[in-house]
Amino acid sequence: MNIHFSYLCARIKTMEAPPKTKLKRDALVKATINLVNNNGFHATPMSKIAKMANVSPGTIYLYFENKQDLVNQVYIEVKKAFTTYAFKEYDASLSVEKGFETVWKGIADFKLNQVEEALFLSQCDSSPVIDEESRQAGLKHLQPLLDLWERGQSEGIIKTISPFLLYAYTIYPLSFLMTMKQRGIFEIDQAQIEEAYKAAWNSISVESFFLTHKIKNNYKK
């Protein structure tokens, strides 16, 4: 009897989750993103998440251990979706500049058009609510960009500064533009996307740095 029961348990674990089960989990993920974006982490109790997802409060614990586990898992899933979107046109064989342009514009497209998910990531990245293990798991999804920057630095194309500074100069400003667009303060067209990209590239490009200083020195003369 015990052997038969163990066999059934093993079979259940290897079976695909029924569509209804996946729908409930997806509803919980979507509700978490929505409520965190509108109310913040601390004003988003499990009961509200369950209500918005149209499931019983106890159902959440079939998928997540607790609120911390829920938020961590949603963060990692959204981070993975974000980087998959951002790197979909990227190829490691591209030149450093073209590769960066491809990734940057993929990230811009995500942040400006997949607003709910992008806002959630922005809140998570600037909040201590996500544990360090989950942050590191999320960071792994950015590895192609980190590798590109490292290659650019080894080839003397990108400034030899911390990847945190590279991210702050080039990617983080997109969150500000996203927020301004979301609030209806600033509309962004394709021409402005190009201007923003050029500003991002110029902020980390060695060639742009020397060109700027050359112009300044000539002006002084």
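A crossing of two helices is left-handed if the near helix is turned anticlockwise from the far one by less than a right angle, and right-handed if clockwise. The legends below describe close-up views of a predicted model.

**View 1. Packing of helix α5 against helix α8 in the predicted model.** In this view α5 (96–113) passes α8 (143–154) in a left-handed crossing, and the two helices pack at an angle of about 150°, with their axes 10 Å apart. Because angles over 145 degrees count as roughly antiparallel, α5 and α8 are roughly antiparallel to each other. On the α5 side the contact is made by Val-96, Gly-99, Phe-100, Val-103 and Ile-107, which meet Leu-145, Leu-148, Trp-149, Arg-151 and Gly-152 of α8. Sorted by class, this contact has 7 nonpolar, 2 polar and 1 charged residues.

**View 2. Surroundings of Phe-100.** When neighbours within four places in sequence are left aside, Phe-100 is in contact with Leu-145, Leu-148 and Trp-149, and also with Thr-170, Tyr-197, Ala-200, Trp-201 and Ile-204. Phe-100 is also one of the residues that touch the most other members of the largest nonpolar core.

**View 3. The largest nonpolar core.** This core has 56 residues, of which Leu-28, Phe-100, Trp-104, Ile-107, Phe-120, Leu-145 and Trp-149 touch the most other members. Two or more residues are given to the core by each of α2 (19–39), α3, α4, α5, α6, α8, α10 (172–182) and α11 (190–204), and α5 gives the most, with 8 residues.

**View 4. Packing of helix α4 against helix α6.** Helix α6 (residues 115–125) and α4 pack at an angle of about 125°, with their axes 10 Å apart, and the two are therefore oblique to each other. The crossing in which α4 passes α6 is left-handed. From α4, the residues Val-71, Val-74, Tyr-75, Val-78, Lys-79 and Phe-82 meet Glu-117, Phe-120, Leu-121, Cys-124 and Asp-125 of α6. By class, this contact has 8 nonpolar, no polar and 3 charged residues.

**View 5. Asn-54 in the loop between α3 and α4.** Asn-54 is found in the loop that lies between α3 (46–53) and α4 (67–86), and this residue counts as exposed because its relative accessibility is 70%, where the cut-off for exposed is over 50%. Phi of Asn-54 is near 65°, a positive value in a residue other than glycine. Most residues other than glycine have a negative phi.

Conventions. Residues are numbered from 1 along each chain as its sequence is written. This is a predicted model: local features need pLDDT of at least 70, side-chain atom pairs count only at pLDDT 80 or more; totals for chains, interfaces and linings use all residues. Side-chain values use heavy atoms; hydrogens and water are left out. Helices (H or I, at least four residues) and strands (E, at least two) are DSSP runs, numbered from the N terminus. Buried means under 20% relative accessible area, exposed over 50%, partly exposed in between (1.4 Å probe, protein chains only). Axes are lines fitted to C-alpha atoms, for helices over the stretch in contact, and angles run from 0 to 180 degrees between N-to-C directions. Angles under 35 degrees count as roughly parallel, over 145 as roughly antiparallel, 65 to 115 as roughly perpendicular and the rest as oblique. Contact means heavy atoms within 4.5 Å. Ala, Val, Leu, Ile, Met, Phe, Trp, Tyr, Cys and Pro count as nonpolar, Asp, Glu, Lys and Arg as charged, and the others, Gly among them, as polar. A nonpolar core is a set of buried Ala, Val, Leu, Ile, Met, Phe, Trp, Tyr and Cys residues joined through side-chain atoms within 4.5 Å.
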